[in-house]
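Please prepare a short briefing on the protein shown below.

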Amino acid sequence: MASKLIHEQPQGSAVPEVVSLNPRRLLKARGLTGSGREYDLMRASLERLQGTRYTTNIRPDGGFGAERTFALIEEAIFAERRGSVDVRLSEWFRTAVEDRRVLQLSEAYLTIPGNHERWLYRVARKHVGERSYVQAHHGVGA
């Protein structure tokens, strides 16, 4: 979601408090069929994400401050007909996205088959950084 928001939001603009998603399109983008079972699994994952609490003294701008405990999403509101879901983002998450302080992932990341492999991708991507990504994909010199 962070990568999508960064891609769609102009630099310096506010990230909306509520993001509307099309569950079927989201599941299809992940290479899934969009079946009822997959919808139920997506719903359960959003519920787990809402219930997961993070504690850190890292502010979303990258600095340090008072220790805070928060969730990345405040709530997920599912429409009656499975056609949409609204996700209310936490202040910490919105600020981190607005300041471009989150790791952007390629859509190809979603096709990586295993947890260890995805972890390795995130570690490598974090340490390569944006400059090397731009060099590799746009032919920019060092």
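A polar contact is a pair of N or O atoms within 3.5 Å; within protein, one must be able to donate a hydrogen and the other to accept it, and residues adjacent in sequence count only if both atoms are side-chain atoms. The side chain of Ser90 makes such a contact with the backbone nitrogen of Phe93, at 3.2 Å. This is a predicted model, in which local features need pLDDT of at least 70 and side-chain atom pairs count only at pLDDT 80 or more, while totals for chains, interfaces and linings use all residues. Residues are numbered from 1 along each chain as its sequence is written, and side-chain values use heavy atoms, with hydrogens and water left out.

- Ser90 is in the loop between β5 (85-89) and α4 (91-98); helices (H or I, at least four residues) and strands (E, at least two) are DSSP runs, numbered from the N terminus.
- Ser90 counts as buried because its relative accessibility is 2%; buried means under 20% relative accessible area, exposed over 50%, and partly exposed in between (1.4 Å probe, protein chains only).
- The Ser90 side chain also reaches the backbone oxygen of Ala71, at 3.0 Å.
- Leaving aside residues up to four places away in sequence, Ser90 touches Phe70, Ala71, Leu72, Ile73 and Glu74, where contact means heavy atoms within 4.5 Å.

**The sheet**

- Three strands form an open sheet in the order β1-β5-β4, with antiparallel pairing; two strands pair if DSSP finds at least two bridges between them.
- β1 (18-21) and β4 (73-78) are at the edges and each has a single partner strand, so one side of each is left without a neighbour in the sheet.
- From one strand to the next, the twist averages 20 degrees.
- Four bridges join β1 and β5 in the antiparallel sense, and Val18 stands opposite Arg88 in β5.
- Helix α3 (residues 36-51) packs on the sheet and touches β4 and β5; its direction makes about 155 degrees with that of β4. Axes are lines fitted to C-alpha atoms, for helices over the stretch in contact, and angles run from 0 to 180 degrees between N-to-C directions.

**Helix α4**

- The buried residues in α4 include Trp92, Phe93, Arg94, Ala96 and Val97.
- Among the elements covering these buried residues are α1 (2-8), β2 (54-58), β3 (64-70) and β5.

**Aromatic rings**

- The whole structure has three aromatic pairs; rings of Phe, Tyr and Trp (its six-membered ring) pair if their centres lie within 6.5 Å, and planes under 30 degrees apart count as stacked, over 60 as edge-to-face and the rest as tilted.
- One of them is the tilted pair of Tyr54 and Phe70, with 6.1 Å centre to centre and 35 degrees between the planes.
- Tyr54 in strand β2 and Phe70 in strand β3 are 16 residues apart, and their pair links distant parts of the chain.
- Tyr54 is partly exposed at 33% relative accessible area, whereas Phe70 counts as buried at 6% relative accessibility.
- Phe70 and Trp92 form a stacked pair because their ring centres are 4.8 Å apart and their planes at 20 degrees.
- Phe70 lies in strand β3 and Trp92 in helix α4, so this pair ties together parts that are 22 residues apart in sequence.
- Trp92 counts as buried, at 17% relative accessibility.
- Through ring pairs, Tyr54, Phe70 and Trp92 are linked into a cluster.
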